[in-house]
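Please examine the structure shown below. The explanation that follows begins with a single side chain and then turns to the way in which the chains are arranged.

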2 protein chains.
Amino acid sequence: MRPAPGCLTSAVSELQRVTVLAGGVGGARFTRGLLAHLKDAHPDGAGGSRVAVTVVVNTGDDMTLDGLRICPDLDTVMYTLGGGISEEQGWGRDDESRRVSAEISAYGRGWDWFTLGDLDLATHIVRTDLLSGGATLSEVTEFLCRRWRPGATLLPMSDSPVETHVRVAEAVDEHPAGSLIHFEEWWVRYRAGVPATEFVQVGLENATAAPGVIEAIRGADIIVLPPSNPVVSVGTILAVPGVRDALRQTSARVVGVSPIIGGAAVRGMADACLSTIGVETSAKAVGVHYGARTAGGVIDGWLVDETDEDAVASLADAGLRARAVPLWMRDVDATSRMAEATLALALD
Amino acid sequence: MRPAPGCLTSAVSELQRVTVLAGGVGGARFTRGLLAHLKDAHPDGAGGSRVAVTVVVNTGDDMTLDGLRICPDLDTVMYTLGGGISEEQGWGRDDESRRVSAEISAYGRGWDWFTLGDLDLATHIVRTDLLSGGATLSEVTEFLCRRWRPGATLLPMSDSPVETHVRVAEAVDEHPAGSLIHFEEWWVRYRAGVPATEFVQVGLENATAAPGVIEAIRGADIIVLPPSNPVVSVGTILAVPGVRDALRQTSARVVGVSPIIGGAAVRGMADACLSTIGVETSAKAVGVHYGARTAGGVIDGWLVDETDEDAVASLADAGLRARAVPLWMRDVDATSRMAEATLALALD
């Protein structure tokens with residue numbers, strides 16, 4: 001329920017559950033700031049926060065490489081929240097080396113455009129071993145998190161393999177024009193530079209949301225769409241059967257944070273993804289793309305950067321409560337303030 | 001056919017094919033000396049030897065660890081002949097590190113008594129990936145050898161998984177008395193120090209010799225049983241259906257090199273294996289254990305160390321041509337001379 005005007009302080013103090021629908025780097029860094037804010041604003045007296053945070057993570061980038069199951073977004077979130085991330089890269093492990101992948105290359109195997117770090121590889125080996133033993137990806141994620149203690153519950157969006165593929169408009173290397181290639185190949189190997197006509201989530205039609213995902217949406221007080229890629233990260237989570245309906249029906253407030261600042265993606269090549277689905281690369285267009293829940297969309301509020309302040313009024317016309325605040329996640333403090341503004345917008 | 005006396009030189013110059021039945025370190029080092037000798041004594045004019053060497057390698061120590069298929073003996077032979085071996089250890093890769101296995105341990109996985117090196121791990125990852133793709137172990141071995149160029153054809157004894165297990169006489173850690181544990185666990189974790197009552201080759205009854213193994217025995221001029229463990233290395237190869245019969249029937253000369261010198265194993269804990277099957281730890285007893293082909297055994301000749309020279313006469317009584325020469329594989333030169341003596345004994 002939306003609190004009556006004047007009840008904001010009371011609502012904030014009653015905050016119990018926040019759910020984030022995240023991709024990789026952007027979602028991970030936002031969530032780290034969110035946890036830092038909650039620890040300060042809603043302490044549990046034991047160094048943490050009494051607010052329970054659940055992160056539903058995109059698994060559409062997952063792939064099998066050299067027989068090992070790799071979950072880029074889950075690992076980025078886990079390492080970022082658990083303290084093992086390479087700050088410089090935003091993904092992968094700190095103090096990383098690449099001895100194993102150099103050896104795999106010496107055998108003429110592996111993909112030369114995707115290098116696995118040695119420390120990171122251990123995660124994939126353990127995950128693949130547990131999966132072959134019959135564990136679900138949810139169970140594996142819980143197991144891996146026992147080590148990393150991310151301070152939030154990480155849930156894969158689905159336990160069924162779903163892999164985002166990209167239909168390339170032009171022939172490139174061994175791929176003919178019109179063929180489907182794995183998103184990671186398009187993204188990492190071709191730096192999203194090959195024109196694409198569509199994204200296809202292979203396996204999506206038979207996928208179901210992982211245990212706890214629908215509950216985390218239905219039972220949350222606030223749901224946040226962090227500044228992750230709106231097409232291939234958040235968009236893929238929304239496409240999992242049942243997720244969009246749960247978002248429309250939840251009593252939680254749903255707010256999003258724009259990954260576009262001043263007409264450009266904060267990080268990565270989200271513009272190439274947006275243009276493929278015919279959405280302009282602007283804070284306003286992405287907010288409208290998600291759409292107001294009152295008009296069949298999935299969000300109630302949309303946070304844009306202060307440079308996009310002029311979009312606030314037209315976003316309101318589209319049924320979205322919008323606010324402009326600094327959105328650069330320069331460090332944990334700045335991100336914590338961003339998270340605070342996100343929660344305030346939700347409870348506004 | 002055995003050449004008539006006086007034809008020795010002629011026979012040696014006609015030598016075309018040598019087959020070795022090998023375990024890990026001992027078999028690998030002997031074969032390296034053999035290849036060095038053949039290169040000198042039977043050059044092909046291009047830096048190699050015109051004598052083709054096939055090494056049939058024990059796969060009874062193979063195991064699956066963290067979901068990866070590990071073939072300790074195949075890898076030891078491949079790395080030793082291909083120039084990647086750790087000379088100090090005798091197994092594993094030179095210039096090795098253990099970053100991945102430390103990470104696997106941090107997850108509470110892996111076996112603390114069996115550490116996988118990073119470089120070595122790449123071999124297991126590639127092997128496991130190819131096997132899951134449907135390749136046979138023979139095909140995988142051929143693929144891996146394209147990189148290592150061992151100068152000999154390496155054949156796994158079988159493409160079917162065969163794993164040597166040990167029945168322990170006493171309870172140890174989580175294993176009750178009388179239970180079967182993997183040979184590598186008994187060997188590496190317990191340093192063969194837990195009394196054993198038998199070795200069981202799990203999967204052996206349904207195993208067949210890998211492609212080329214029986215042919216390599218039938219078509220060889222000389223077959224060598226190098227100083228490998230006579231019970232769990234050579235003994236396991238001999239137990240593969242068809243191998244013992246092929247050895248008895250081949251027109252090749254079959255000679256063995258004692259892994260026991262002066263009543264002790266040259267390397268490893270072969271005495272614990274021998275005592276388990278009721279064979280004395282002596283050069284003579286092992287020769288008699290293999291047995292003369294004329295009396296239903298598998299060898300014609302048996303090379304012992306000069307310290308065991310007094311066994312030569314009694315080995316002759318057992319139907320074996322025996323000779324005493326220095327058997328310490330101190331370096332490649334010493335091993336090359338040992339290999340020369342082995343071939344000479346075969347052609348005697």
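In this predicted model, the side chain of E103(B) forms a polar contact with the side chain of R93(A), at 2.7 Å. The residue E103(B) is located in helix α4 of chain B, which covers residues 99–106. Is E103(B) buried or exposed? Its relative accessibility is 10%, and buried means under 20%, so E103(B) counts as buried. Leaving aside residues up to four places away in sequence, E103(B) touches R93(A), L119(A), A122(A) and R147(A).

How are two copies of a chain related in general? They are related by a rotation about an axis together with a shift along that axis.

The extent of the interface can now be described. On each side there are 29 residues: 29 of chain A are in contact with 29 of chain B. The size of an interface is often expressed as the accessible area that is lost when the parts come together. Between chain A and chain B the buried area is about 2,600 Å², and carbon and sulfur atoms give 61% of it.

Polar and charged groups also meet across this interface. There are 16 residue pairs in polar contact between chain A and chain B, counting pairs with both residues at pLDDT 80 or more. The count of salt bridges between the two chains is eight. In one salt bridge, the side chains of D129(A) and R109(B) meet at 3.1 Å, from N to O.

Which helices of chain A supply at least two residues each to the side that touches chain B? They are α3 (72–82), α4 (99–106), α5 (118–132) and α6 (137–148). The largest share comes from α5(A), which provides nine residues of that side. By residue type, the side of chain A that touches chain B divides into 16 nonpolar, three polar and ten charged residues.

How values were computed
Residues numbered from 1 in each chain as written. Chains lettered and ligands numbered in written order. Predicted model: local features only at pLDDT ≥ 70, side-chain atom pairs only at ≥ 80, totals over all residues. Heavy atoms only, no water. Helix = DSSP H or I, 4+ residues; strand = E, 2+ residues; numbered from the N terminus. Buried < 20%, exposed > 50% of the residue type's maximum accessible area, 1.4 Å probe, protein only. Polar contact = N/O pair within 3.5 Å; in protein donor to acceptor, adjacent residues only side chain to side chain. Contact = heavy atoms within 4.5 Å. Buried area = accessible area lost by both parts, 1.4 Å probe. Salt bridge = Lys/Arg side-chain N within 4 Å of Asp/Glu carboxyl O. Nonpolar A, V, L, I, M, F, W, Y, C, P; charged D, E, K, R; others polar.
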